[in-house]
Amino acid sequence: MSRIKPLYRVSPSLLKVAVLVLILAFSVAGQTLATVRAQDAITIRVWGYGLDDARAKARVAVFQQANPNIKIEPVGGALNTQQLLTAVASGDPPEVINVNRSQVGSWAGRNAIDPIDDLIAQDKFDLGQFYPFTIDQVKYKGKVYGIPQFVNLDLFFVNLDTLKKAGIDPASLDLGNWDQLLQLGAKLHVEAGGKVTQTGFDTKVQDGRLWLWSWANGVDLISADGQKANFNDPKVVEALTWAKAVVDAQGGEKARAAFSQTQNFFSPQNPVLIGQTSMTIFEQWLIGVMKVDTKANFRTYLPRMRNSQQGLTDATGSAFAIPKGVQGEKRAAAWKFIKGMTSTDAWLAGEKATFDASQKDNQPYTPTITGNIKADQEAWTTIYKSISPAYDDTVKLFTEALKVAHYRYSGPVASEINDYMTAAVNDALQGVKTPQVALDDLQKKAQQAIDDYNKQPGNH
Amino acid sequence: MHSESERTITPAPIPSARRPQTSAGRRRWLNGLRWNEETRAGLVFVSPFLFGFIVFTAIPLIASLYFSFTAYDVLNPPVWIGLDNYQRMLTDERFSKTLFNTLYFVVLHVPTAIPISLTLALMLNARIRGLGIWRTIFYLPQVTPAIAVGILWLRILSPQNGLLNQGLALIGINGPAWTIDADWVKPALVIMKSWSLGWIVIVLLAALQQVPKDLYEASIVDGANSLQRFRFVTLPMISNVIFFTFVMLTIFSLNIFTEPLVMFPPQVFGGQMGPQDSALFYVLYLFDQAFRNFRMGYASALAWVLFLVTIVIVTVQTIVSRRLVYTENN
């Protein structure tokens, strides 16, 4: 059988060259395509802020309408510090994080987030559109590290039904009178079968409100420059001694804690709403939970300075920040996202969407405090519709509260000091130590934490 | 060309009489050993483990030892501070508390868990109806997510309206504030952990089934009653397995993490783990120092101290076990 002669012969060398050329061609084409795609769409990862509610979705929609080439990959839920720490350390951080404003100093002090003053200056971005205290909260060593979003304010919630039942006239309430608050707490406290069934007055000192009561007594727990702890100042000792007396007059800390474990502030069975708690300090967003009962008989007040009619509140919230290591077009995209999300238009779209979603669920709309002054004013006056005097007065109270907002120390050792503080407060409330001894110990530890941080190279 | 890893393979010792005597012969023998098919195949098969071990265990282990002598916050370069981290532990009240809590838990949990598990294993080893179902039921908590178990037990242990205290009230006992009272938090955790002993039960059950039947038959012939059979046959024959579970449970208990975190999250107690930090266990504190307080150096030192504590405890257990554990040799 004769072999068929090939029509043409390709030398092996030529074949190799051809394959090489093909590989190169595909590689170049692939790279070009990737570059084109990269120019078309930039993906930024946003950690600590989910898009699972109407407000967030609407804000993102406004941003994306103006920036269709920026794709958002959100990771919701609270910011996972372990994840962020390792991401920054490995050089692959998310482009944007939503961080608690009280932690901005901690992250900035460790170079985990970058200042954004250059971006602000470059765009002549107006920081005046936000409440001044929120901007102060995101500053560290004079530099701005984030753009604020959301404000939570402590208000004094009172269930009027429980007051009426105890024969107390709400008009007689004097929130600057600590003796009266102590007595009212005892009077409104109810037990049945040896167990608490109604809390009279919860100072929330066990939940970090030593700050609030110390301010109310005229002292800041940490000096404005973040260098000096004042935890054993006589005024602070006085505040904690009073808070302990309030708890003791209502069966003690263990009884309070046992009862509070059965309560759920996030449910329709909210303790203030159903009268399980007569008077308490709580953040203003609680009305968003209580709105399930539009006829709820409650009232909110601004906490007062001791023996004074001057109001005060504890303000918290979060901020968008850019982690260290985000550069170039990613940083530019991150900045666009932050600007877009905190713009008046985005916030108003968010509030309108929240209003619509509430209507759809046959629920009234209760506004949030965005941090953007113009958006807040417009939302509270035009989007919010009257629910009842109790809700209307609370929304009106926001403006007054924002003028007297105080905020906690947010320096590099804030979380450590917070741990020491809560331990000391709980020791005092449970009678393990006297308030004076607990606060003396706390003072030593807090000052030591500040000094230790300063001692580390490059930290002072 | 031989790779570095191949060069470092140590040849298995062979009798000197069989070793090649000349240098050329020795080289040929070594080359042959290095490159024989079996060695290559062995290397290929163990390479995933070796890679994983080196990258994810050996290097981090050595790195953590180095970091324990530094001030290191992960984000900035470590600064050598010698023994400062170890000295810090001597004055750190929370460290003392956490060490006490952990050892207290181990002492309370391990000696109670083993008898309970052994009792359950003995019951499951009996010839009873629906044995498969019972075994599944007892093992079920083991495969239930720790978070679900934690939340469930938080409700059972609630001092205000928990099932446990309601049950105790029926027999006239005023139950303690399990989750509120610092003195009762650790016993509460021990009760909760005793619910998830499925793995020990399975291991002990397997051991029970390995006890030769003829030993029981011989003891019956000798007139031993059931208690004596348990004391003089069963216990010695499974003592090595009991010792194994004892050691493993001790190590697991020293590393307890998830359950206290779920039941006593710091936000509930304002930064503390349980009332007065009564549920602050060693690894939780270590984690807190590393990732919340940015003290990776101190956390590394804590990790090494825990390692040493574990070594000491296990060594003591091993020494004591020589008198108590029956082996083929003794």
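Figure 1. Chain B averages a pLDDT of 86, and 87% of the residues score at least 70. For the complex, the predictor gives an ipTM of 0.70 and a pTM of 0.79. The model is predicted: local features need pLDDT of at least 70 and side-chain atom pairs count only at pLDDT 80 or more, whereas totals for chains, interfaces and linings use all residues. Residues are numbered from 1 along each chain as its sequence is written, while chains are lettered from A and ligands numbered from 1 in the order in which they are written.

**Figure 2. Overview of chain A.** The secondary structure of chain A comes to 18 helices and 12 strands; helices (H or I, at least four residues) and strands (E, at least two) are DSSP runs, numbered from the N terminus. Along the principal axes, the C-alpha atoms of chain A fill a box of roughly 115 × 55 × 55 Å. Of the 460 residues of chain A, 46% count as buried. A residue is buried if 20 or more other C-beta atoms lie within 10 Å of its own, exposed if 12 or fewer, and partly exposed in between, with C-beta atoms placed from the backbone.

Figure 3. Helix 8 of chain A spans residues 178–188, and its residues W178(A), L181(A), L182(A), L184(A), G185(A) and L188(A) are buried. These residues lie on the same side of helix 8 because they cover an arc of only 165° around the axis, the arc being that of the directions from the helix axis to the C-beta atoms. Their cover includes helix 7 (160–165), strand 8 (195–202), helix 10 (234–248) and strand 9 (277–283) of chain A.

**Figure 4. Strand 9 of chain A and its pairing partners.** In strand 9 of chain A, 7 of its 7 residues are buried. Strand 6 (residues 147–159) pairs with strand 9 in the antiparallel sense over 5 bridges; two strands pair if DSSP finds at least two bridges between them. The bridge partner of L155(A) in strand 9 is F282(A). Strand 8 pairs with strand 9 in the parallel sense over 3 bridges, and D202(A) has T280(A) of strand 9 as its bridge partner.

Definitions and conventions: Two residues are in contact if their C-beta atoms, placed from the backbone, lie within 7 Å. pLDDT is the predictor's confidence in each residue, from 0 to 100.
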